[in-house]
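I opened a predicted model today.

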Amino acid sequence: MIGRTLKELGAALAGREISSVELTQLHLDRIARLNPEINAFITVDAERSLAQARAADARLAAGEGGALTGIPIAQKDIFCAEGWRTTCGSKMLGDFVSPYDATVIEKFAAAGAVNLGKTNMDEFAMGSSNETSHFGPVRNPWDRTRVPGGSSGGSAAAVAALMAPAATGTDTGGSIRQPAALCNLTGLKPTYGVVSRWGMIAFASSLDQAGPMARTAEDCGLMLNAMAGFDDRDSTSLERETEDYCRELAANVGEKPLSGLKIGLPKEFFGEGCDAGVMACVQEAIAEYRRLGAETVEVSLPNMRLAVPAYYVIAPAEASSNLSRYDGVRYGYRAPDYADLDDMYRKTRAQGFGAEVKRRILIGTYVLSHGYYDAYYLQAQRIRRLIADDFVAAFRQCDVILGPTSPCTAFGLGEKAADPVQMYLSDIYTIAVNLAGLPGMSIPCGFSAGLPVGLQLIGDYFAEARLLNVAHRYQQATDWHLKTPDA
Amino acid sequence: MSLTLEQVRRVAHLARIDISESEAESTLGHLNGIFSLIEAMQAVDTRGIEPMAHARDVAQRLREDRVTEENRRAAFQAVAPETEAGLYLVPKVIE
């Protein structure tokens, strides 16, 4: 059962080949064996997981199961889950046991999925390597001297090492897609507003979006069906008709399933700055897409080079505001010794936040401060508009946009940790998608020197079903996504 | 542009984060590196471009003014560092 897809596990549970309790226990056993080294989970609570599994078995026995009923799914530790320690990878929330469920957690529970545990992540989702976590770095199951990517690095490593059949992630600048690429997974960041942010600990609220990380596009579709939907507790949640994100996947479409599809190749994704080994895999994927019937067309995103600069103004600005709530008064860490209230705030925040989080709070505070707001924050928002408009123009010429997810494969632990700028440039191909609010995916497309390479697919607003189909047809023709690291 | 140590201390003060002298110095180096990346924005002429504050241009929803939440004070205060009689305790601020 270990290593099967969600779809296969759903069939096994429905066919009584295995119970949810047995399936959950199998994964808990694997976590117990592998997690001490991989460090993909911050919190495992076998009792809670097994209680959910027993309830799922009862539902299945009553014939009331759905696609995810009884399947254990790991949850990024950014989602508040009632009764579970929810740390967001920070000392600040090191002992925080959530008194409520995030909407995403509620929706998985309603679908009968089992919460398999809370996965490690960069502190407050700020990082691209999982090295900023207060709970230690995560090791990439493909090479344990390397990072899994971030910020959803624990989720990625958990699924790659087959400790979990699937996991949730969140993506503010690439935090689902980049770790999916570095760990050979399929990950989807939906259109901004499709998945509720309620109970998902905020980093940069105009960019944060949750999504699935799994082994196939089909599994991502099953998870998105459970996660998506309007929620009046999130003021930016979109009121839309319910969709079946898997609706295009079942059709029998013959040898050229993607004929008529126009794939845009932005010239800015194919210039300098990308490893040759990564680019070779991406080029081979383009050839495969042509064999599947797709047509390719060169497009341009002329303001792409400004995405990282604009992002490192906007995201820290929003973070400095969001993280002002951590003051040691209502929840979370409080410094043990202080002279007065102001001193308590300063010491609590100095001791509770790690170096990268502090850096981003300081950048954000600076760009929002008197005299700098127009030059930085407003300028970044205007550039954000230019970037979004570039995508609008590109989608007049094509149906999906394709390129690399990450300019490199998994890098060594410690390799970029001392230089924030090098780390930020890990996300050059993913950040623009968040600024525009578009859906994006990463799917496995080969290996370079034994390490996984991710292919990025970007869709127009609300084109998740189409993106999943474009990914699924590639996965029917290739087997990169089925490769797993040696245990 | 390049920040000064004084500016780093000032911003840390605004953010209510204690910062030691050695931290301020290493932070200064990192922030200057990051701002040299950000500076690429400044050469772009954005006159007449409407700032984009959000991924989707949608208006805030209005709702009926009615009670939507039950009182869960005990559960929410159970995670606070210090409470007494339903109140959050902080160091004395009024003499």
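Before starting, I noted what a touch is: two residues are in contact if their C-beta atoms, placed from the backbone, lie within 7 Å.

Entry on one residue. I looked up A:Val313 and left out residues up to four places away in sequence. A:Val313 touches A:Val367, A:Tyr376, A:Tyr377 and A:Ala380 in chain A, and B:Ile38 in chain B.

Entry on the core. I then asked how many residues the largest nonpolar core has. I found 165, and A:Val313 is among those with the most contacts inside this core. Others in that group include A:Ile73, A:Ala158 and A:Leu457. Helix H9 of chain A, residues 307–322, supplies the largest share of the core, ten residues.

Entry on the two chains. I looked up the contact between chain A and chain B: 54 residues of chain A meet 41 residues of chain B. On the chain B side, the elements giving two or more residues are helices H1 (5–14), H2 (21–38) and H3 (73–77). H2(B) gives the largest share of that side, seven residues. By class, I noted 28 nonpolar, six polar and seven charged residues on the chain B side.

Entry on one helix pair. I looked up how helix H11 of chain A, residues 355–367, packs with H1(B): the angle is about 95 degrees and the axes are 9 Å apart. H11(A) is therefore roughly perpendicular to H1(B). A:Leu362, A:Thr365 and A:Tyr366 make the contact from H11(A), and B:Val11, B:Ala12 and B:Leu14 from H1(B). I sorted these residues into five nonpolar, one polar and no charged.

Note on methods: Residues are numbered from 1 along each chain as its sequence is written. Chains are lettered from A and ligands numbered from 1 in the order in which they are written. This is a predicted model: local features need pLDDT of at least 70, side-chain atom pairs count only at pLDDT 80 or more; totals for chains, interfaces and linings use all residues. A nonpolar core is a set of buried Ala, Val, Leu, Ile, Met, Phe, Trp, Tyr and Cys residues joined through C-beta atoms within 7 Å. A residue is buried if 20 or more other C-beta atoms lie within 10 Å of its own, exposed if 12 or fewer, and partly exposed in between; C-beta atoms are placed from the backbone. Helices (H or I, at least four residues) and strands (E, at least two) are DSSP runs, numbered from the N terminus. Ala, Val, Leu, Ile, Met, Phe, Trp, Tyr, Cys and Pro count as nonpolar, Asp, Glu, Lys and Arg as charged, and the others, Gly among them, as polar. Axes are lines fitted to C-alpha atoms, for helices over the stretch in contact, and angles run from 0 to 180 degrees between N-to-C directions. Angles under 35 degrees count as roughly parallel, over 145 as roughly antiparallel, 65 to 115 as roughly perpendicular and the rest as oblique.
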